[in-house]
Amino acid sequence: MTPGAVRRRLACREPPTTLVRRPSAATLWLPLTVLLAVPLALPPNALPELPLCLFKALTGLRCPGCGLTHAFLAAGRGQWWAAALHHPLGPALHTGIVSLWGAIGIRWLACRTPWLRRGPS
């Protein structure tokens, strides 16, 4: 067995002495898949133009997170300019979540751990 194969095999195993068990890759990958599929399932005008932010509803002022939901949905539909207009960090948030989704999926496939059979070791 090559040293690279040994490192990959050890990277897929969880240390036996951990007190808090880390979630499996499928536990993280499946909700991210649903999160990334929501913008494709919703029509473009699914969210009302009413403020979804409680702070904005009460004070009339925008909080730092105002527009992120609209921006995330627009970026998920490929409308990057509209996403940037809703919130400047919206496209970056969407790109980060897609990157995380890909990294978890690659690790999951690399370890060859079927998520239906994964359970306590």
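Trainee: What makes Val34, Val38 and Leu42 a nonpolar surface patch?

Mentor: Together these three make a nonpolar surface patch of about 210 Å². Patch residues have over 30% relative accessible area and no salt bridge; nonpolar side chains (Val, Leu, Ile, Met, Phe, Trp, Tyr) are joined within 5 Å, like charges within 9 Å. A salt bridge is a side-chain nitrogen of Lys or Arg within 4 Å of a carboxyl oxygen of Asp or Glu. Areas come from the Shrake-Rupley method with a 1.4 Å probe, and for residues only the protein chains shown count as cover.

Trainee: What should I know about the model itself?

Mentor: This is a predicted model: local features need pLDDT of at least 70, side-chain atom pairs count only at pLDDT 80 or more, and totals for chains, interfaces and linings use all residues. Residues are numbered from 1 along each chain as its sequence is written, and side-chain values use heavy atoms, leaving out hydrogens and water.

Trainee: Where is valine 34 found?

Mentor: In helix α2, residues 25–41. Helices are DSSP runs (H or I, at least four residues), strands likewise (E, at least two), numbered from the N terminus. The protein chain has six helices and zero strands.

Trainee: Why is histidine 70 called buried?

Mentor: Buried means under 20% relative accessible area, exposed over 50%, partly exposed in between (1.4 Å probe, protein chains only). Histidine 70 has 18%, so it is buried. Histidine 70 sits in helix α4. It touches Leu47, Pro48, Leu52 and His86, not counting residues up to four places away in sequence. Contact here means heavy atoms within 4.5 Å.

Trainee: What makes helix α4 mostly covered?

Mentor: Seven of its nine residues, 68–76, are buried. Among them are Phe72 and Leu73. The cover includes α2, α5 (80–86) and α6 (90–111). Just after α4, glycine 78 takes a positive phi of about 85°.

Trainee: Why does histidine 87 count as buried?

Mentor: Its relative accessibility is 8%, so histidine 87 falls under the 20% limit. Histidine 87 lies in the loop between α5 and α6.

Trainee: What does the side chain of histidine 87 reach?

Mentor: It reaches the backbone oxygen of proline 64 at 2.8 Å. It also reaches the backbone nitrogen of leucine 89 at 3.1 Å. A polar contact is a pair of N or O atoms within 3.5 Å; within protein, one must be able to donate a hydrogen and the other to accept it, and residues adjacent in sequence count only if both atoms are side-chain atoms.

Trainee: Why is leucine 61 called exposed?

Mentor: Leucine 61 has 53% relative accessibility, and the cut-off is over 50%, so it counts as exposed. Its place is the loop between α3 (54–59) and α4. Leaving aside neighbours within four places in sequence, leucine 61 is in contact with Phe55 and Lys56.

Trainee: How many aromatic pairs are there?

Mentor: The count is one aromatic pair. Tryptophan 29 and tryptophan 101 form it, with 5.6 Å centre to centre and 15° between the planes. Rings of Phe, Tyr and Trp (its six-membered ring) pair if their centres lie within 6.5 Å; planes under 30 degrees apart count as stacked, over 60 as edge-to-face and the rest as tilted. So this pair is stacked. It links helix α2 to helix α6, 72 residues apart.

Trainee: Why is tryptophan 101 called partly exposed?

Mentor: Its relative accessible area is 30%, which lies between the 20% and 50% limits, so partly exposed is the term.
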